[in-house]
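Subject: Structure handover

Hello,

Here is the structure I promised to pass on. Please open it first; my notes follow below.

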Amino acid sequence: MAHYKTLAAPLHSELEIKKSRFLGCIEPIHSHQAGLERVAELWRQHPDARHVCYVMLVDGQVRQSDDGEPSGTAAKPMLNVLQHKGLDHVLATVVRYFGGIKLGAGGLVRAYSQAVSEPLQQAEFMEVRPQSVARVQFDYAHEALVRHLAEQAGLQLEVEYAQQVQACLSGEAQPLEACLQQLTTQTRGELMRLPD
């Protein structure tokens with residue numbers, strides 16, 4: 001999994017447009033399942049709301065719902081805002097209480113965009129770099145190569161000596177996987193990955 005940018009904390013907004021109330025929330029999530037549970041929780045908190053529209057991004061995969069609003073007037077504009085900010089692992093929801101006056105497609109697009117974009121102006125973002133650990137075993141002849149490639153990839157290396165060398169590599173997931181592939185190639189498959 002690659003590194004990504006997400007929110008440090010949930011953000012909220014409240015708009016009133018022609019008597020309709022739009023309650024926006026953008027928050028970090030770890031999975032689509034967690035996002036769907038949060039949407040269900042919002043329905044329990046706002047049983048009189050007309051719509052609970054949402055968009056969630058997890059590992060670049062999108063799930064969204066206009067929840068009865070005309071197609072393309074709610075989730076798509078919300079998604080555009082999140083993608084423009086380069087965010088991932090986020091859920092944006094907007095709870096709408098209908099005020100009796102129709103806003104038209106353009107008015108809805110503006111309202112849903114604004115409910116998400118306004119709070120993001122004060123957002124604190126964080127860069128997430130997933131970490132990983134791998135245990136490997138190899139002949140003494142490969143130790144210098146393992147040390148060199150681990151250092152190049154910025155990985156931590158702990159070594160134990162037995163019949164063969166056993167090492168524990170740890171650090172950012174992407175460089176670690178790339179390092180393991182290089183080691184497997186350069187040792188002609190003699191490097192063995194051990195179960196965690």
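Start with Thr6, which is found in strand 1 (residues 4-7). Helices (H or I, at least four residues) and strands (E, at least two) are DSSP runs, numbered from the N terminus. This is a predicted model, where local features need pLDDT of at least 70, side-chain atom pairs count only at pLDDT 80 or more, and totals for chains, interfaces and linings use all residues. Residues are numbered from 1 along each chain as its sequence is written, and side-chain values use heavy atoms, with hydrogens and water left out.

Thr6 counts as buried because its relative accessibility is 4%; the cut-off for buried is under 20% relative accessible area, with a 1.4 Å probe and protein chains only. Its side chain reaches the backbone oxygen of His89 at 3.0 Å. Beyond its neighbours within four places in sequence, Thr6 is in contact (heavy atoms within 4.5 Å) with residues including Pro28, Leu87, His89, Phe125 and Val128.

Next, strand 9 (residues 156-161). Strand 9 is hardly covered: the count of buried residues among its 6 residues is 0. Strand 9 runs antiparallel to strand 10 (residues 165-172), and 6 bridges join them; pairing takes at least two DSSP bridges. Val159 stands opposite Ala167 in strand 10. The two strands form a hairpin, with 3 residues between them.

Last, the record. An unreviewed UniProt entry annotates residues 136-189 as "domain: UPF0029". UniProt positions are given in the numbering used here, feature names are shortened, and annotations may be inferred rather than shown by experiment. That span is 44% helix and 31% strand, and its end C-alpha atoms lie 12 Å apart.

Best wishes

Definitions and conventions: Buried means under 20% relative accessible area, exposed over 50%, partly exposed in between (1.4 Å probe, protein chains only). A polar contact is a pair of N or O atoms within 3.5 Å; within protein, one must be able to donate a hydrogen and the other to accept it, and residues adjacent in sequence count only if both atoms are side-chain atoms.
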